[in-house]
2 protein chains.
Amino acid sequence: MPDSTVASAVDVARPAIVRPTLDSVAERAGVSRQTVSNVLNSPHMVRSDTADRVKLAISELGYRPHLAAKQLRTRRSRVLGLRVAKVGTDAVFDRFLHAITEAASARDYRIMLYTAVDDDAEIAAYDELLGRWDIDGFILTATHPGDLRTSYLSDRNVPCVSFGRPWGESAAHPWVDVDGGAGTAAATEYLIAAGHTDIGFLGWPTGSAVGDDRHSGWARTLRAAGLKVPEPGRSTNDLTEARAAAAVLLDQHAPSALICASDVLAIGALAELAARGLRPGHDIAVVGFDNSELANVTGLTSVDQRLEAVASECARLLIDLVEPGPDAGAPEHVLLTPELVARSSTGHFRPSPVIPHPQGENQ
Amino acid sequence: MPDSTVASAVDVARPAIVRPTLDSVAERAGVSRQTVSNVLNSPHMVRSDTADRVKLAISELGYRPHLAAKQLRTRRSRVLGLRVAKVGTDAVFDRFLHAITEAASARDYRIMLYTAVDDDAEIAAYDELLGRWDIDGFILTATHPGDLRTSYLSDRNVPCVSFGRPWGESAAHPWVDVDGGAGTAAATEYLIAAGHTDIGFLGWPTGSAVGDDRHSGWARTLRAAGLKVPEPGRSTNDLTEARAAAAVLLDQHAPSALICASDVLAIGALAELAARGLRPGHDIAVVGFDNSELANVTGLTSVDQRLEAVASECARLLIDLVEPGPDAGAPEHVLLTPELVARSSTGHFRPSPVIPHPQGENQ
DNA sequence: GACCAATATTGGATCGATCAAATCCACATT
DNA sequence: AATGTGGATTTGATCGATCCAATATTGGTC
């Protein structure tokens with residue numbers, strides 16, 4: 001005989017847990033529904049002794065407000081939407097994802113995912129997410145010039161924040177971004193302080209806003225230091241191509257240090273160095289960008305985007321917009337300064353700490 | 001309709017969109033609320049001509065059922081929970097994330113994220129997610145022997161599915177996993193068919209279930225082919241360490257091909273090969289595991305876990321469990337066979353196509 | 001034409017919270 | 001003692017869907 005002590009096959013084990021409601025808490029505390037609600041939502045309205053009695057009942061019963069009911073009345077879901085892209089090119093996305101989930105959670109919001117093949121599809125998805133799910137707001141990534149998504153959302157008064165500047169345009173919505181130029185500038189200063197005078201740059205093909213920004217930080221810092229600005233190498237995020245570009249760069253002049261626009265480019269350069277018998281950190285210094293897991297396992301010095309800070313700011317700006325604050329002024333824009341994480345690839349000839357690690361925010 | 005256009009300074013642009021409801025659709029179609037609901041939920045109950053009339057009204061008004069209201073009544077949220085871990089070691093997580101979001105979406109479910117520092121914290125999070133958000137079910141990843149999460153969930157009759165076998169234990173819940181041994185076996189067969197007789201293996205330290213599984217596929221295939229099984233190299237997912245391990249392996253015997261337990265290990269090996277002037281795909285064949293973005297940009301042949309298939313199966317099993325099916329039998333277990341994706345690192349001396357190529361190259 | 005079963009449609013109650021307005025109450029004011 | 005005051009508390013209506021029971025319609029049978 002199998003172990004089933006069961007007669008009715010279907011749902012016997014169902015414990016039929018009665019979830020506590022406002023009413024059950026109210027009854028136990030000897031007050032009314034609304035008073036319990038006030039204890040939770042408008043504590044100033046409730047006399048402290050009744051509040052204590054209610055709180056006791058709440059914890060005794062293990063009451064938790066049911067959000068669907070709340071949402072039905074208030075039209076607020078406490079859910080924020082975030083798109084996951086198909087291409088996993090963005091090595092840093094999962095770090096951002098974790099950070100934004102945590103930051104939202106700290107204010108009792110949750111992240112809901114959706115997919116879309118392009119911006120048009122994403123806009124179509126908004127209708128669905130707003131109409132059926134009552135999403136409170138959106139976190140946009142990978143913004144670009146002429147982005148239709150933000151204008152669509154502002155037209156409907158839907159709160160949103162973007163990770164990424166609206167390059168070249170002014171924005172009616174809040175955004176958070178990382179000052180890539182400041183990152184490469186810090187790396188350049190760090191290397192100059194370490195005694196390097198010939199510092200190369202391996203970047204992406206010109207034309208990408210992010211790439212040009214990172215390039216400019218390097219160039220301007222060299223100029224400011226009175227050093228020559230050599231011709232940068234150019235490559236897409238392909239290891240083989242990056243390695244070839246690094247080879248060209250090493251042939252043209254023999255830099256003692258190399259700053260790269262991404263960790264992938266840096267890894268490509270490392271491959272070429274290895275083939276030439278040059279030891280990173282000893283014979284040549286190499287700096288990447290993103291501080292990805294790749295940099296960590298390679299011992300590559302890299303510029304960290306401080307995604308936890310980005311996520312936390314995104315959550316703050318967006319939630320402040322969602323919640324009926326006193327009165328929001330102009331949309332806030334936050335530009336964060338990245339942080340150089342030194343590892344073995346910039347060697348043991350580390351200088352005295354001339355460059356202050358960027359601690360304070362600038363907004 | 002010029003309904004008293006208020007000149008209040010605050011919310012002027014507010015279009016005050018009246019969202020269509022069941023009632024408004026019913027009124028327009030000249031039927032009752034319940035009939036409209038039946039058209040959507042129990043179409044067989046409605047005569048076809050009335051159904052047509054209702055459908056017309058629905059599309060004219062652009063009606064979408066409001067899920068919070070539905071959830072309040074049915075206790076189903078159409079939301080599935082997925083934990084995002086802090087450590088971004090898992091190079092494949094974002095691919096899985098995209099795939100599971102899409103698979104769930106196809107059946108009108110959404111993915112909600114949460115974080116937890118460890119399993120205990122995750123269990124604590126369940127209470128919150130179940131009690132307040134009414135999450136319908138959970139997708140668990142990174143299961144391990146003695147996992148308390150699954151037993152906790154089954155105790156409360158909460159549907160869940162895990163990506164990952166419950167190693168060594170039998171499971172009362174459905175799971176989906178990838179047969180890593182079959183993957184390395186396929187890679188080994190592929191190389192044997194290409195004429196290789198000395199095929200090395202670079203794996204993780206023994207003791208990890210996943211790692212041992214991948215190792216075994218290689219070893220058993222060599223034995224089955226009557227080839228010698230050399231001592232494998234061992235390294236964690238650290239590029240420097242992997243390179244060193246590859247060096248030892250190359251010194252011990254000179255394999256013509258090398259299979260690695262992960263793409264990171266393979267990249268480490270590639271670095272050592274480059275330093276020795278050995279060209280992958282010409283002088284030695286190299287195979288990785290995961291088919292990560294890393295493999296793509298490196299031209300590394302790699303074993304693909306078919307995460308889209310994993311995600312789609314996870315979604316299917318979980319949603320079938322959530323929805324009141326006719327009668328589910330024993331929990332279903334799915335073991336998927338991974339797929340070898342050949343790139344330049346296994347060279348141009350490709351044999352007759354014994355191994356089927358995957359569909360399209362992933363861009 | 002009356003009757004019945006099967007099917008289609010309707011109206012009211014409900015899920016669990018908030019909102020808006022009414023009531024209660026203690027205390028000071030006239 | 002009657003009245004006003006304002007804070008604390010309660011009551012009834014509501015959000016938008018589903019569930020349930022009651023009623024209306026249809027079609028077949030004698």
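This is a predicted model: local features need pLDDT of at least 70, side-chain atom pairs count only at pLDDT 80 or more; totals for chains, interfaces and linings use all residues.
I will start with how the copies are arranged. Chain B can be superposed on chain A by a rotation of 180° with 0.0 Å of shift along the axis, and the RMSD is 0.2 Å. The two copies are therefore related as by a two-fold rotation axis. Both copies use the same surface, since 98% of the contact residues of chain B recur in chain A.

Now the contact between the chains. Chain B puts in 47 residues and chain A puts in 46 residues. On the chain B side, the elements that give two or more residues are H4, helix H5 (93-106), strand E2 (110-114), H10, H11 and helix H12 (293-298). Which of these gives the most? That is H5(B), with eight residues. Sorted by class, this side of chain B has 20 nonpolar, 15 polar and 12 charged residues.

For DNA strand C the count is 25 residues, with Thr21(A), Ser37(A), Ala69(A), Ser32(B) and Gln34(B) coming nearest. Here too, the elements that give two or more residues are H2 and H4 of chain A and H2 and H4 of chain B. The classes here are nine nonpolar, 10 polar and six charged.

Last, one pair of helices inside chain B. Helix H10 (residues 239-252) packs on helix H11 (residues 263-275) at an angle of about 60°, and the axes are 7 Å apart. Are the two helices parallel, perpendicular or oblique? Angles of 65 to 115 degrees count as roughly perpendicular and those under 35 as roughly parallel, so H10(B) is oblique to H11(B). The crossing of H10(B) past H11(B) is right-handed.

From H10(B), the residues making this contact are Leu239(B), Ala242(B), Arg243(B), Ala246(B), Ala247(B) and Leu250(B). From H11(B), they include Val264(B), Leu265(B), Ile267(B) and Gly268(B). By class, the contact of H10(B) with H11(B) has 10 nonpolar residues, one polar and two charged.

To return to the chain contact, H10 and H11 of chain B are also among the elements that give two or more residues to the side touching chain A.

Technical notes
Residues are numbered from 1 along each chain as its sequence is written. Chains are lettered from A and ligands numbered from 1 in the order in which they are written. A residue is near a molecule or strand if its C-beta atom, placed from the backbone, lies within 6 Å of it. Helices (H or I, at least four residues) and strands (E, at least two) are DSSP runs, numbered from the N terminus. Ala, Val, Leu, Ile, Met, Phe, Trp, Tyr, Cys and Pro count as nonpolar, Asp, Glu, Lys and Arg as charged, and the others, Gly among them, as polar. Copies are superposed by least squares on the C-alpha atoms of residues with pLDDT of at least 70 in both. Two residues are in contact if their C-beta atoms, placed from the backbone, lie within 7 Å. Axes are lines fitted to C-alpha atoms, for helices over the stretch in contact, and angles run from 0 to 180 degrees between N-to-C directions. Angles under 35 degrees count as roughly parallel, over 145 as roughly antiparallel, 65 to 115 as roughly perpendicular and the rest as oblique. A crossing is left-handed if the near helix is turned anticlockwise from the far one by less than a right angle, and right-handed if clockwise.
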